Amino acid sequence: NGFLGATVNWTLEDEDDRLTVFFTINEGNRTYLKNIDLKGNKSYRTRKITKIMESKPNGIFGEGYYQEENLKFDFERIIKFYKDHGFFDIQITHWEVKISPFGDQATLIIYIREGERYQLKDIHITGNRDFDLVALLKKSGLKSDKYENKKIKKAREKLTQFYLDKGYAYAEIGMDEAFDLANHSVDLTVSINEGSPVRVGNILISGEFLTHEKIIRNTLKIK
């Protein structure tokens, strides 16, 4: 909770064969997190990265205490952020904390080595039986470009929805990534298991409603 200088002393007293433990706590000054400074972040501004961190500087939106136990989660979030944007060689080389003379303020300094950003190079689609390769690639929105994890997730959602709209309710879409560490690139294989198309039998409409059943059926996308 930010009490970096807190000390706890204890004493024992023996009275009538009964031991009593006394604790004396000296909280000291509470240490506020004044600033978070990143070194080596060439691709993204410090403010963008600190937004995803658990640690927050003290300010008008709240009291930010320096809590070292949060650093593990902060480092994990920073590494995930960079990897999601294609920096798979990201490293947090070291960190340090500078405490003010009175112990009431702290500055956290994190040193980052970004490494090279990986490129999404070759894209392969396998397992497509009923739909054209070019059409599927266009529908996915994927292309050779800078690696972005969110684009790959979005492509999977688009292809899943495409097959669902075509009646393939049980289609499965897999994304397999192969890394070329020497050339800082990623090859992506989209594995499709189309399954069989599902056909609609009877459509039953029940309940009390004012709208005529025929009108309701005409508005349905499935027939």
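Start by selecting Asp-14, in strand 1, which spans residues 7-15. This is a predicted model, so read each stop below as a feature of a prediction. Asp-14 has 57% relative accessibility and counts as exposed, because the cut-off for that word is over 50%.

**A nonpolar patch**

Select Leu-12, Leu-19 and Val-21 next. Together they make a nonpolar surface patch with about 290 Å² of accessible area. Leu-19 belongs to strand 2, residues 18-26. Its relative accessibility is 60%, so Leu-19 is classed as exposed.

**The whole chain**

Zoom out and colour by secondary structure. The chain contains five helices and nine strands. Reading from the N terminus, the order of elements is β-β-β-α-α-β-β-β-α-β-α-β-β-α. The chain has 223 residues, and 27% of them count as buried.

**A positive patch**

Go to helix 1, residues 46-50, and select Lys-48. Lys-48 has a relative accessible area of 44% and is therefore partly exposed.

**Helix 2**

The next stops concern salt bridges, of which the structure holds nine. Select Lys-72 and Glu-76 and show their side chains. They meet in a salt bridge, with N and O 2.9 Å apart. Both residues are in helix 2, residues 71-84, and because they are four residues apart, about one helical turn separates them. Lys-72 is exposed, at 53% relative accessibility, whereas Glu-76 is partly exposed, with a relative accessible area of 42%.

Stay in helix 2 and select Lys-80 and Asp-84. What is the distance between the closest N and O atoms of Lys-80 and Asp-84? It is 2.8 Å, and the pair forms a salt bridge. Lys-80 and Asp-84 are also four residues apart in the helix, about one turn. Lys-80 is partly exposed at 49% relative accessibility, and Asp-84 is partly exposed at 22%. The value for Asp-84 is 22%, and it does not count as buried because that word is kept for residues under 20%.

**Helix 3 and its two ends**

Move to helix 3, residues 133-140, and begin at its start. A side-chain oxygen of Asp-132 comes to within 3.0 Å of the backbone nitrogen of Val-134. Then go to the other end of the helix and select Gly-141. This glycine follows helix 3 and has a positive phi, near 80°.

**Helix 4**

Select Lys-154 and Glu-157 in helix 4, which covers residues 149-165. The two residues are three apart, about one turn of the helix. Their side chains meet in a salt bridge, with an N to O distance of 4.0 Å. Lys-154 is partly exposed, its relative accessible area being 45%. Glu-157 is likewise partly exposed, at 49% relative accessibility.

From this pair, go on to a group of three: Arg-129, Asp-130 and Glu-194. Salt bridges with shared partners join these residues into one network.

**Around Glu-194**

Centre the view on Glu-194 for the last stop. Where in the chain is Glu-194 found? It sits in the loop between strand 9, residues 185-193, and helix 5, residues 213-219. Is Glu-194 buried or exposed? At 1% relative accessibility, Glu-194 is buried, because the cut-off for that class is under 20%.

Another links Glu-194 to Tyr-163, side chain to side chain, at 2.7 Å.

Key:
Residues numbered from 1 in each chain as written. Predicted model: local features only at pLDDT ≥ 70, side-chain atom pairs only at ≥ 80, totals over all residues. Heavy atoms only, no water. Buried < 20%, exposed > 50% of the residue type's maximum accessible area, 1.4 Å probe, protein only. Polar contact = N/O pair within 3.5 Å; in protein donor to acceptor, adjacent residues only side chain to side chain. Patch = residues over 30% accessible without salt bridge, like charges linked within 9 Å, V, L, I, M, F, W, Y side chains within 5 Å. Areas by Shrake-Rupley, 256 points an atom, 1.4 Å probe, with all protein chains shown as cover.
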